[in-house]
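Me: Could you walk me through this one with me? I'd like to start inside and then zoom out.

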Amino acid sequence: MLHEWIGLDGFNRLSDRQSMHAVFECCSSSIWARRVAGSRPFETRDQLLDRADRVLAELPETEIDEALDGHPRIGGRADSLSSQREQAAVQSAGSDVLDALADANRKYEEQFGHVYLVCATGRSAAELLAILEERLGNDPETERRVLRVELAKINRIRLNRMLGPEE
């Protein structure tokens, strides 16, 4: 993540282009990034987080799919520093758990047509596998609701990292 610990004032002072890029690093939906960045200035961190949640809730499914494109498979090769941090506990798992996770990921993707998205921060591979296996029992509509909740959690973690510690 290029924009880390910039603070709320720093975020508010970025140019329109820079602010959109900063929030796009948090969620790869261009509409979400444009709407969140375009809502500046924010007086408080909570205003930013609440706006991010509201914008996400209003996004059409095609934009949620765009946001999912920015997330690697759980247990797979994370290509961004954010994803590497969030999945750090997964990388230390044994090959049996990683193999089971890879198999379950394939089943999930065949069933739902997109990557399994879960807020992985602080969770072990075994825990993420158990959650995945449980979510395989969801119908598509329920799963889309669940993944929006998970995406909102991830966005909040990333936005907080972008801002850094409370001022």
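**Cavity and overall fold**

Reply: By class, nine nonpolar, three polar and one charged residues form the lining of the largest cavity, where nonpolar covers Ala, Val, Leu, Ile, Met, Phe, Trp, Tyr, Cys and Pro, charged covers Asp, Glu, Lys and Arg, and polar the others, Gly among them. This is a predicted model, in which local features need pLDDT of at least 70 and side-chain atom pairs 80 or more, while totals for chains, interfaces and linings use all residues. Residues are numbered from 1 along each chain as its sequence is written, and side-chain values use heavy atoms, without hydrogens and water.

Me: How much space is in the largest cavity?

Reply: About 100 Å³, a cavity being a set of points on a 1 Å grid over the protein atoms alone where a 1.4 Å probe fits but cannot get out, with lining residues having an atom within 4 Å of a point. The volume is the space filled by probe spheres on the points, which are joined across faces, edges and corners.

Me: Changing topic, how many helices and strands?

Reply: The protein chain has nine helices and zero strands, these being DSSP runs of H or I (at least four residues) and of E (at least two).

Me: And why call the chain compact?

Reply: Its radius of gyration is 16 Å, close to the 15 Å from the globule rule for 167 residues, so the protein chain is as compact as a globular protein of that length; the radius is taken over C-alpha atoms, and the rule is 2.2 Å times the number of residues to the power 0.38.

Me: What box do the C-alpha atoms fill?

Reply: Along the principal axes, roughly 50 × 30 × 20 Å.

Terms used
On a 1 Å grid over the protein atoms alone, a cavity is a set of points where a 1.4 Å probe fits but cannot get out, and a pocket is an open set with protein on both sides within 12 Å along at least five of seven lines; lining residues have an atom within 4 Å of a point.
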